[in-house]
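Hi there,

Here's the structure I promised to send over. Have a look at it first, then read my notes below.

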Amino acid sequence: MASGMAELLRLLLSVAEKAANVARACRQEAQLFELLVQEKTGADKNKKFVQDFKTLADVLIQEMIRHDVCAQFPELTGFIHGEESNKFENGLGESVTVRVCAQEEDTTALLAKVLDGDQNAASLLTKVIHQDLQIKDETAESLQLSISPANVGIWIDPIDGTSQYIEGKEEEQPDEGFCPFGLPCALVLIGVYLRSTGQPVMGVINQPFNRKDSTGKGWKGQHLWGVSYGDVNACSFTHRRPSCPQKKDDLSVLLSSSERPAVKDALAAIPGGSLMYASGAGYKILCVVQGLVDVYVLSEGSTFKWDSCAPHALLRALGGGVSDLSVCMRAHVNGNKGHAAELTYHQPHNQSQGVDRWANRGGIIAYLDSSVIDKVVAALAGKI
């Protein structure tokens, strides 16, 4: 059974790259991009333009991943979860369930129905969805894991960092790998967790807009993966030690620009502390994975299981983690230092409704080195 998970990882790398192709096509094909940024005005303002095309791109990616994974691993049927509902209403008021069909022409026909008869857009999307794409990664393929795909579930975030995906300026280039906003913040996230414990065991992150291609017109992407289970910890990203190490006491803290002032002030007061800001929850955890910052802190319950599952698995593979901030704060009050309280992914909050059932309600703290938890929690104690 050992090779089943390696096969699943290889498949997830391939479907994530297909997802990135959908994301790039929607930005680079003029006809699709017009749909993506279309502002509804006048009489059309109230006509839900196919609920907005961005949602369709999201749903399509989600359903494509579901289709491709279940075709190869039928035991995962019913255990692949995403953010989006696949029920759509088109401009004519017809309800359409978006799914990827076995035959290309059937997918085109279904998409044309969602897109109010726009055959060209439907064909462009279908072509990308049905391409046979195989990513080769020898390290990933050689992994031996003692779990079976029948014991795991999957969280998909089709395009994390929506606003940056739609509004991102083409000319923005990351600065030394760190990009506070723009297209590089938009990510495809696929996380795999154990059904029994909710522990994240595998993650794939695809960054469709990593850098400009040689023509300067299109974008090239990159992918990262991580696996953490039992005594296996493997990650495609390995840390290059900086040639001049930071002073040991410095702490770079990544926040959302909308974080509350009390949190910003408390963390800014940490000796040697510096605050940085970026867009997209998944991207902020990726910055921790890549060692661009020491810790990402969010005091609100505004992220969800699909945002954190994939990057959490990469952090675990590198010896870090993603913890529930409020549980860490309570542990600190009770004198229980160094309490990790890592997030799990298998149980909803049953007293909540809709997507809130899957919120990371206590806020989050993402780190490579767990010693930062105590520093952050001590700084916030009594302040929030």
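This is a predicted model: local features need pLDDT of at least 70, side-chain atom pairs count only at pLDDT 80 or more; totals for chains, interfaces and linings use all residues.

Let's begin with the second largest pocket, which holds about 510 Å³ of space. It's lined by 31 residues, and those closest to its centre are Ser256, Ser279, Gly280, Ala281 and Lys284. What kinds of residues make up the lining of this pocket? They divide into nine nonpolar, twelve polar and ten charged. If you want to trace the lining by element, α3 (53–72), β4 (152–160), α7 (162–167), α9 (281–289), β11 (295–298) and α10 (305–317) each give at least two residues to it. Both domain 1 (3–235) and domain 2 (251–380) take part too, with at least three lining residues from each.

Now for the helix pairs. Find helix α4 (residues 104–114) and helix α5 (residues 119–129): their axes come within 8 Å and cross at roughly 135°. An angle over 145 would count as roughly antiparallel and 65 to 115 as roughly perpendicular, so α4 is oblique to α5. The crossing of α4 past α5 is right-handed.

Then go to helix α8 (residues 261–268) and helix α12 (residues 371–380), which pack at about 120° with their axes 8 Å apart. That angle therefore makes α8 and α12 oblique to each other as well. Here too, α8 passes α12 in a right-handed crossing.

Technical notes: Residues are numbered from 1 along each chain as its sequence is written. Side-chain values use heavy atoms; hydrogens and water are left out. On a 1 Å grid over the protein atoms alone, a cavity is a set of points where a 1.4 Å probe fits but cannot get out, and a pocket is an open set with protein on both sides within 12 Å along at least five of seven lines; lining residues have an atom within 4 Å of a point. Grid points are joined across faces, edges and corners, and a volume is the space filled by probe spheres set on the points. Helices (H or I, at least four residues) and strands (E, at least two) are DSSP runs, numbered from the N terminus. Ala, Val, Leu, Ile, Met, Phe, Trp, Tyr, Cys and Pro count as nonpolar, Asp, Glu, Lys and Arg as charged, and the others, Gly among them, as polar. Domain bounds come from an automatic or database domain assignment. Axes are lines fitted to C-alpha atoms, for helices over the stretch in contact, and angles run from 0 to 180 degrees between N-to-C directions. Angles under 35 degrees count as roughly parallel, over 145 as roughly antiparallel, 65 to 115 as roughly perpendicular and the rest as oblique. A crossing is left-handed if the near helix is turned anticlockwise from the far one by less than a right angle, and right-handed if clockwise.
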